[in-house]
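Me: Hey, could you walk me through this one? I'd like to go through it piece by piece.

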Amino acid sequence: MINPNCSKTHAMLRIIGANVDPSALTSRLGVTPTLQISVGDVIPRGTRPRTEGIWGRDTEGLLDSSDLEDHIQALLDQLPPDFKDMIPPGARCEILCVWRSATG
């Protein structure tokens with residue numbers, strides 16, 4: 001879908017927590033992440049090891065739609081029906097959305 005008021009949009013699903021092992025979560029979900037950071041990793045802009053793991057899947061560059069709803073639905077469609085049961089205890093799940101106006 002084309003929205004003439006939008007210059008760019010995408011969405012990212014992230015699962016974050018001290019018990020999140022991105023490799024194990026990838027195996028359980030059967031979905032390849034676009035972002036994975038393990039506990040103990042030092043990310044390029046950081047200086048301290050991560051205390052939480054992150055598994056993330058982004059739609060940026062994957063969909064030809066300027067409708068944010070399409071991006072969110074695409075993320076959800078990739079997940080198995082019992083997705084919420086696969087999230088490690090204590091982890092949080094969030095969807096980050098980007099929508100940039102073409103008209104200011």
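What follows is a chat about the fold and a few of its residues.

Me: Before we start, what kind of model is this, and how are residues numbered?
Reply: This is a predicted model, where local features need pLDDT of at least 70, side-chain atom pairs count only at pLDDT 80 or more, and totals for chains, interfaces and linings use all residues. Numbering starts from 1 along each chain as its sequence is written, and side-chain values use heavy atoms, with hydrogens and water left out.

Me: What about the box the C-alpha atoms fill?
Reply: Taken along the principal axes, that box is roughly 40 × 35 × 20 Å.

Me: And what share of the residues is buried?
Reply: Buried residues are 35% of the 104 in the protein chain. The cut-offs are under 20% relative accessible area for buried, over 50% for exposed and partly exposed in between, with a 1.4 Å probe and protein chains only.

Me: On to the sheet. What is the strand order?
Reply: The order is 2-3-1-4, in an open sheet with antiparallel pairing. Two strands pair if DSSP finds at least two bridges between them. Strand 2 (35–37) and strand 4 (92–101) are at the edges with a single partner strand each, so one side of each has no neighbour in the sheet. On average, neighbouring strands are turned by 15° against each other, direction ignored.

Me: How many bridges join each pair?
Reply: Strand 1 and strand 4 are joined by 10 bridges, strand 1 and strand 3 by 6, and strand 2 and strand 3 by 3. As examples, histidine 10 has valine 98 of strand 4 as its bridge partner, methionine 12 stands opposite aspartate 58 in strand 3, and leucine 35 is partnered by glycine 56 in strand 3.

Me: Which helices pack on that sheet?
Reply: Helix 1 (residues 22–29) packs on the sheet and touches strand 1 (6–17), strand 2 and strand 3, with its direction at about 45° to that of strand 3. Helix 2 (residues 68–77) also packs on the sheet, touching strand 1, strand 3 and strand 4, and its direction makes about 30° with that of strand 1. Contact here means heavy atoms within 4.5 Å; axes are lines fitted to C-alpha atoms, for helices over the stretch in contact, and angles run from 0 to 180 degrees between N-to-C directions.

Me: Is strand 1 mostly covered or mostly open?
Reply: Mostly covered: 9 of the 12 residues in strand 1 are buried.

Me: Back to helix 1, which of its residues are buried?
Reply: Pro22, Leu25 and Leu29 are buried. Down the helix axis, the buried residues fall within an arc of 60°, so they line one face of helix 1. That arc is taken over the directions from the helix axis to the C-beta atoms. Their cover includes strand 1, strand 2, strand 3 and helix 3 (83–86).

Me: Changing topic: where is tryptophan 99, and what does it touch?
Reply: Tryptophan 99 lies in strand 4 and is partly exposed at a relative accessible area of 40%. Not counting residues up to four places away in sequence, tryptophan 99 touches Asn3, Asn5, Cys6, Lys8, Thr9, Ser66 and Leu68. Tryptophan 99 and threonine 9 are 90 residues apart in sequence, yet 4.4 Å apart from C-alpha to C-alpha.

Me: Last one: where does aspartate 41 sit?
Reply: Aspartate 41 is in the loop between strand 2 and strand 3 and counts as partly exposed at 32% relative accessibility. A polar atom of the aspartate 41 side chain lies 2.9 Å from the backbone nitrogen of serine 38.

Definitions and conventions
Helix = DSSP H or I, 4+ residues; strand = E, 2+ residues; numbered from the N terminus. Polar contact = N/O pair within 3.5 Å; in protein donor to acceptor, adjacent residues only side chain to side chain.
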